[in-house]
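This report walks through one protein structure, chain by chain. Keep the sequence and the 3D view open while reading.

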Amino acid sequence: MALKKFISLKRSENRKVFITYIAVIAAFIICQGLSMAGLLSSSMQGMLVPICAYMVMAISLNLVVGVSGELSLGHAGFMSVGAFSGVAAAIIMQNFITYAPLRLALAMIIGALFASIAGFLIGVPVLRLKGDYLAIVTLAFGEIIKSILNNFFLGIDQNGLHMSMLKDTTNLAEGGRLIIRGPMGINGITKISTFIAGFILVMIALIIVFNLVNSRLGRALMAIRDDRIAAESIGLDVTKSKMTAFVISAALAGAAGCLFAMNYFTIEARKFDFNMSILILVFVVLGGQGNFLGSMIAAAALTILPEKLREFADYRMLLYAVILIMAMLISNNDEIKYFFRKLNPFRNKQEAE
Amino acid sequence: MDLLRHFINGMSLGSIYAIIALGYTMVYGIAKMLNFAHGDVIMVGAYVCFYAVSRYKLPPFVGVALAVLLCTILGIIVERLAYKPLRQAPSLAVLITAIGVSYFLQNTALLLWSSNPKIFPSIIKRASIKLFGGQLSISHITILTIVTCVLIMIVLNLFVNKTRLGKAMRACSEDKGAALLMGINVNATISMTFAIGSGLAAIAGALLCSAYPTLMPTTGALPGIKAFTAAVFGGIGSISGALLGGLLLGVIEIFAKAYISSQLSDAVVFAVLIIVLLVKPAGLLGKMTQEKV
Amino acid sequence: MSKNKTKLVPVPSKAMIPERDIARAPVLECVNLGITLGGIKAVEDFNVTIGRTEIAGLIGPNGAGKTTVFNLLTKVYQPTTGTILLNGQDTHGFDTVQVNKAGIARTFQNIRLFKNLSVIDNVKAAMNNEMKYNLLSAVLKLPSYRREELAIHHRALKLLSIFDMQDSADVSAGSLPYGAQRRLEIVRALATNPSLLLLDEPAAGMNPSETVELMDSIRKVHEMFQVAIILIEHDMSLVMNICESICVLNFGHIIAKGTPDDIQSNPAVIEAYLGRKK
Ligand SMILES: Nc1ncnc2c1ncn2[C@@H]1O[C@H](COP(=O)(O)OP(=O)(O)OP(=O)(O)O)[C@@H](O)[C@H]1O
Ligand SMILES: [Mg+2]
């Protein structure tokens, strides 16, 4: 009771935020404990960082889809921009920043920066459109980013950075290193992503997004989402608010992409395709639009699930598809929805009537 | 001469896109949903046609007819089981369901037919036509594709404008509530739209794989997305828009492949889409509606 | 409250009226305002002048074009003809946001609240433009964030209390009863500090006692904020009671203007409402 008063949990939003922080911290402590006690299977161990990256992606996309109310089908594009720029930066920094956590942090910041620039450039045309048209243009941009990165070459030698498109015409001097190799992506990455780094990124993403949602930006975004015309009638600048959310979301996706990529020896642009964008969208829809904890749980569950389904071998993706469809059918069934609403201890009194 | 050849190839590819885009556009017009599983119906149609022709040695025409039949049934089943319960659900839930159906179809195909690419037999075995003293050669399949597309457009336009069912379809896409009050069976009309769209997808599948003969469970995905782009390009919901969008997209893609870069051709296609939508936010032939306040 | 109240009577803008206070520009002047919607002239030759602190009524049969006038004033629809002067400033080329910043706030005939936001957040959203803190201070919860948020929290509660709604501040707006939703729309509009408040059928769907309360609240708001109000309403007792001047629309045209007494005895108005006597 005293604790409750202390953080003023009167409003259900505050309570949700609080529960989310606690849940993430608890999950981290449990996983870290299990992992140190050697109780985690090696496949689970390997999934910890990707799960963190996917959680941040889910938070990032939920800011656009859940809070802003715009459908983005190209979020993997921002992830890949962050991954490629961040990893390239990490490789360049390798020789003079030897402390890996610092290098990772800088790489993630650089990844976020590049992704936010991409987010801004894409946001200018995209946010003028509405609804499904906006969605299709984000899809288009996702594909364009993939095509460009798939044909992009970047190398470094004593004369500095060299880049080229389509063909490798970087002509690196002796001792130079070709970092991004077009369709081959980047290989020879030093794996410096850790679970702790992932956890910290998740927490930072949560703090940023929660505090923004509880600020004037968040109110403006949700107002515009609920009723654009009414929002304009009270002077809310639709484009500016949406753009801010889009850029922040892109930056988070970029950082997540960098974390994700630094967990593997090689990355290719192909990995961040339409299916990846959809996967993240599924996290958001399953977890609930605007429900950050839910979408993080969905991210974790849907990353672990295919692995757990491995015993079904060939049938696992089929099962995955069936589960996806069933989840949608069940979660939108009115009777079941009503049943769950009654169970929810946090429902508003108003709703209960 | 190269220009003409690329143009004809573009028209042919565009015709395929247009036929697929029709399915997208009709379903979008009536159910307001982005049916991402549409591309995979193409793949199913192509597989049916493949087995009918190369395994069971049926004549190509019968193979295509069989594919159309099976895909139509598939379309109706999918609509009944997966989409119909979600009529009132938020559009995002429907979108995810469609994607689930897409994964389902792809993985079923993977189990049934394995991931090894099949070499699709051309449904026309004759040599290509030589024009201008052999400078320009056009394959029969190219001509067949364009002709089929034109025929489908004519038939569909007649259907939508002249028949009762077609008019019911248009009424439903204008205003479902009003259509219901006028005694139109909205559910049946939506089912029929899915059926027609899926049947067309089967034809597109056969044509696509005759022109690009590698058949895999993921064959339908990218053409599906591009055809969807074509539908948006022309103005989603509009039949002539789908034709225009499909043809333009095909021509742009072939020219981009020939003159810019084959790796970047998809990027060029999508870039053109973005530019078009910025100039005409509802697509080339779509009309903007003013929201009543 | 010490402001000098000069009442202006709406007149056809070209006409000269001796008692008009020329030194103080009217809050709104419409000249030949018109729009064509779906091929019909939904509003045509709309000429009206509204004084600084006037309560004007806009009435007319269904489909007369009343809501369309509001949509033109707030640029939800772009006028096809005519000029709108707001506090003497031409709003040509403005969009809805700019019009609001220039001083018009409105409510909607079909309630358009932010349904998933709490009642108080609906009001706070309307105070967005007066807050100055940047995103960084929001993320880090810096003092500037806390200070401004606290300030608007209190101001929002105060506004809500005008309509006795402070107790439901944390309820989601969509779950409010109908009458309360209409009142919340007025509070939200007021929160933007308008100089002209447009109310589109605020009493629609309210019972008689609620309507009387609403009338008092509108008077209170008018007193407190010294704001000009245009009121669209089908409830004649409400209109006749609180409006200083009334403008009657029929088929997109103004058929009468004047004081409530003039309007009640105007044959053209009676005909428009009751139909031609056979
Ligand atoms: N966006 C639009 N497109 C086409 N016609 C429109 C549009 N908005 C309004 N109209 C038409 O303009 C006319 C005036 O409508 P308006 O809503 O202004 O009437 P009103 O006076 O507010 O009526 P009510 O008392 O029923 O609210 C009507 O014939 C209406 O159908
Ligand atoms: Mg009205």
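Chain A contains 15 helices and three strands, where helices (H or I, at least four residues) and strands (E, at least two) are DSSP runs, numbered from the N terminus. Its radius of gyration is 21 Å, close to the 20 Å that the globule rule gives for 353 residues, so chain A is as compact as a globular protein of that length. The radius is taken over C-alpha atoms, and the globule rule is 2.2 Å times the number of residues to the power 0.38.

The model is predicted: local features need pLDDT of at least 70 and side-chain atom pairs count only at pLDDT 80 or more, while totals for chains, interfaces and linings use all residues. Residues are numbered from 1 along each chain as its sequence is written, and chains are lettered from A and ligands numbered from 1 in the order in which they are written.

**Chains A and C**

The C-alpha trace of chain A spans about 75 × 55 × 45 Å along its principal axes. Chain C has 10 helices and 10 strands. The table gives the buried share of each of these chains; a residue is buried if 20 or more other C-beta atoms lie within 10 Å of its own, exposed if 12 or fewer, and partly exposed in between, with C-beta atoms placed from the backbone.

| Chain | Residues in chain | Buried share |
|---|---|---|
| Chain A | 353 residues | 48% buried |
| Chain C | 278 residues | 45% buried |

Contacts can also be sorted by separation in sequence. Two residues are in contact if their C-beta atoms, placed from the backbone, lie within 7 Å. In chain A, residues 24 or more positions apart account for 74% of the contacts with a separation of 6 or more. For chain C, 67% of the contacts between residues at least 6 apart in sequence join residues at least 24 apart.

**Helices and the core**

Helix H10 of chain A (residues 238-261) has 24 residues and reaches 34 Å from its first C-alpha to its last, close to the 34 Å expected at 1.5 Å a residue. The expected span of a helix is 1.5 Å times one less than its number of residues. H10(A) is mostly covered, with 19 of its 24 residues buried.

Helix H5 of chain B (residues 140-162) should span 33 Å with its 23 residues at 1.5 Å a residue, and its end C-alpha atoms are 32 Å apart, which agrees. The buried residues of H5(B) are Ile141(B), Thr142(B), Thr145(B), Ile146(B) and Cys149(B). They pack against helix H1 (2-31), strand E3 (136-138) and helix H8 (186-211) of chain B.

A nonpolar core is a set of buried Ala, Val, Leu, Ile, Met, Phe, Trp, Tyr and Cys residues joined through C-beta atoms within 7 Å. The largest has 291 residues, and those with the most contacts inside it are Val56(A), Ala58(A), Val87(A) and Leu259(A). Helix H3 of chain A (residues 42-67) gives the most to this core, with 16 residues. Not counting residues up to four places away in sequence, Val56(A) touches Leu201(A), Val202(A), Ala205(A), Leu252(A), Ala255(A) and Ala256(A).

Leu208(B) lies in helix H8 of chain B. Is Leu208(B) buried or exposed? Leu208(B) is buried, because 27 other C-beta atoms lie within 10 Å. Apart from residues up to four places away in sequence, Leu208(B) touches Ile16(B), Ile42(B), Ala46(B) and Pro223(B). Leu208(B) and Phe120(B) are 88 residues apart in sequence, and their C-alpha atoms are 9.8 Å apart in space.

Ala242(B) belongs to helix H10 of chain B (residues 239-260). Ala242(B) is buried, with 34 other C-beta atoms within 10 Å. Ala242(B) and Ser115(B) are 127 residues apart in sequence and 31 Å apart in space, C-alpha to C-alpha.

**Between the chains**

Chain A has 33 residues in contact with 33 residues of chain B. On the chain A side, H6(A) gives the largest share, 10 residues. The residues of that side divide into 25 nonpolar, four polar and four charged. Here Ala, Val, Leu, Ile, Met, Phe, Trp, Tyr, Cys and Pro count as nonpolar, Asp, Glu, Lys and Arg as charged, and the others, Gly among them, as polar.

Ligand 1 lies between chains B and C. It is surrounded by 14 residues, the closest being Gly38(C), Ala42(C), Lys66(C), Thr67(C) and Thr68(C); a residue is near a molecule if its C-beta atom, placed from the backbone, lies within 6 Å of it. The shell around ligand 1 divides into three nonpolar, nine polar and two charged residues.
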